[in-house]
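Visitor: I am new to this structure. Please show it to me, and then I will ask how the terms are applied.

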Amino acid sequence: MDGEQEPVAASDLASPVDVAVPRQTSFARFLYNQNPFYLISCLLVIYGCQSLAISGGSLLDKSISMAGGIAAYTLLMAVVCVGVVRVAKVWDDARSIFLVVVISLVAVTTGFDELCIGDQSTASVFACAAAALVLMVTEGILWLCRIRLSLWYRTAFYAHYAVLIGFPLLLGRAVATRNDPLANWGSVLFSVAIGASILLLIPAIRRGPDSARDNGTPWSWPLYPISAFVILVVLAGIRSHAIWMSFGFYGIAGKFEPFLLLPILAAVIVLIAEAGLGLRNQALQGLAIISASGLLLCASTRNGATWLPIQSDLGYLFGSSLTVALGVIFLVYAWMTMRGVRYAVFGMPTTLLVTGLAAPLPEIGQSAGLASWMFPAAACVILLIMTLRMVNADWLWAALAGVASTTIAMVGDAYGHQIDGLIAATAFATLAMLIIGAVFTTQLAVFLRYLAAGVMSFAAVVIVFRSLQNPQDMVLYAGGAIAVVSLAYGMFIRRRGWLAVAALQAVLFCGTFSYQGHRSGKLRRLNWPIASGLMCLCVGVAITTGKTGLYRRIAERKGDRKPSGFQSGL
């Protein structure tokens, strides 16, 4: 059908009369250039029709006043739109009128909500008439004004109106037949359906300006036709709340519920990412990545609870609105990762980690064995795959170690061994810091070496304190093991600072061991000749080691300027 339309000549796009712009005041120029009176007219007519509908009468009379009055106004605006384009050729005003027609068509779909509950057969007639009006007005304006609109834009446009028209019928029948679950979930399902209709724009958005090239108007992409869909998305967010007030049984309908915006905003973020890919615009891709995390605001009410009448079902099936929001964010990041959006992959393990730490789990999942630690464990798998693909990224190895340590601590807590889990997580994190510090030479690696030294020294002090309070040989031997590890690590990376740390830990170990032996009486039973002989052996080994030159290689000799085998610091 579009192929039969003739292209608009350049002379048709220009105004045939040069009208002087009023210059009296800036406000007058604003009114002349923007001409907001069409929008004001639309809002006043909608308000007037609504006032007539609530003034009294039967359900049929109210529906006729609301839907019929706005439908008549829509037809009038369609005629005005065609006249402005074909006769006056004032495209600036025509743009405002197009948007007014879109708003009016949405208002028509809201005019028979009460009739959907009270008289489904008559409501079906109204719905068919509304669908016919949308089709007739849209196609009539496009054809008469010689405007071309691609297939995917048309598909998304009509799918959006199909949701607006069909859901009141579906939910009205649910209310009339006392199908409480469907009626209570209706507003959420409506938002999901709207989000799905928005996603139909993906093929067109990927093409970017090519999707609206040679459209028969002086407008360029994205002004045409994205502005109409922006209006539809905003009105859909408002309509989702109205659906809740019209068809929900329980809940506090006077409260604003941002959870209903979650599917709609998620679909919009996907479109932003697709536009960034199609245009190769890194700024749009970055905006999509940042905006995805902002979806958490949709679950910001009542600590993850919701005002909707589905709180118990939500807790049983999904955990909470926070859990659902995090799941949607993960899916958005996964989509962007598959589509090749740079840095989007880092959002996946981050979302899983936050889910494990903060999100309530669904009751049905807990009964099946689902635990919070499984989410950071899945994040570890994703981070491991990322790390193996970027083996030289020390910060990625550090992130993997941090998430793995968190998982170990959560596993211990989940199975009733909180202290053991914390100890195991600390030991693993320290070992990871030592390995990263030995493999890499970056500033992060140096920082991790210092951090590991601090953790190990603090652990040695804690062991000493614990041994003095409650003497246990195994705990004390752990302090000796820390000293041995520090000495071995210092010899491996050839750093004198680690040798000093090992010496300090060894002194703490020996002092604590001697004090415990004295307090327990073990030193009284000691064979002192044998002990003295062993001490003499150690002194002899130390002297022999000095003759090998090891101490000279460890020490930094400044006088002869020979390089030392060991470096200063940690």
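Predicted model: local features only at pLDDT ≥ 70, side-chain atom pairs only at ≥ 80, totals over all residues.

Visitor: Why is Arg213 called exposed?

Guide: Buried means under 20% relative accessible area, exposed over 50%, and partly exposed in between, with a 1.4 Å probe and protein chains only. Arg213 has 53% relative accessibility, so Arg213 counts as exposed. Asp210, with a relative accessible area of 40%, is partly exposed.

Visitor: Which parts does the salt bridge between Asp113 and Arg239 tie together?

Guide: The side chains of Asp113 and Arg239 meet at 2.8 Å, N to O. Asp113 lies in helix H5 (residues 113-118) and Arg239 in helix H10, so the pair ties together parts 126 residues apart in sequence. Helices (H or I, at least four residues) are DSSP runs, numbered from the N terminus.

Visitor: Are Asp113 and Arg239 buried or exposed?

Guide: Asp113 has 10% relative accessibility and counts as buried. Arg239, at 5%, also counts as buried.

Visitor: How is Glu274 placed, buried or exposed?

Guide: At 1% relative accessibility, Glu274 counts as buried. Its salt bridge partner Arg206 is partly exposed, with a relative accessible area of 36%. The closest N and O atoms of Glu274 and Arg206 are 3.0 Å apart. Arg206, Glu274 and Arg339 are linked in a network of salt bridges.

Visitor: How many cavities of 30 Å³ or more does the structure hold?

Guide: The structure holds 3. On a 1 Å grid over the protein atoms alone, a cavity is a set of points where a 1.4 Å probe fits but cannot get out; lining residues have an atom within 4 Å of a point. The largest cavity has a volume of about 350 Å³, a volume being the space filled by probe spheres set on the points, which are joined across faces, edges and corners.

Visitor: Which residues lie nearest the centre of the largest cavity?

Guide: Among the 20 lining residues, Phe98, Val102, Leu142, Tyr224 and Ala228 lie nearest its centre.

Conventions: Residues numbered from 1 in each chain as written. Heavy atoms only, no water. 1 Å grid on protein atoms, 1.4 Å probe; cavity = no way out; pocket = protein on both sides within 12 Å on 5 of 7 lines; lining within 4 Å. Salt bridge = Lys/Arg side-chain N within 4 Å of Asp/Glu carboxyl O. Helix = DSSP H or I, 4+ residues; strand = E, 2+ residues; numbered from the N terminus.
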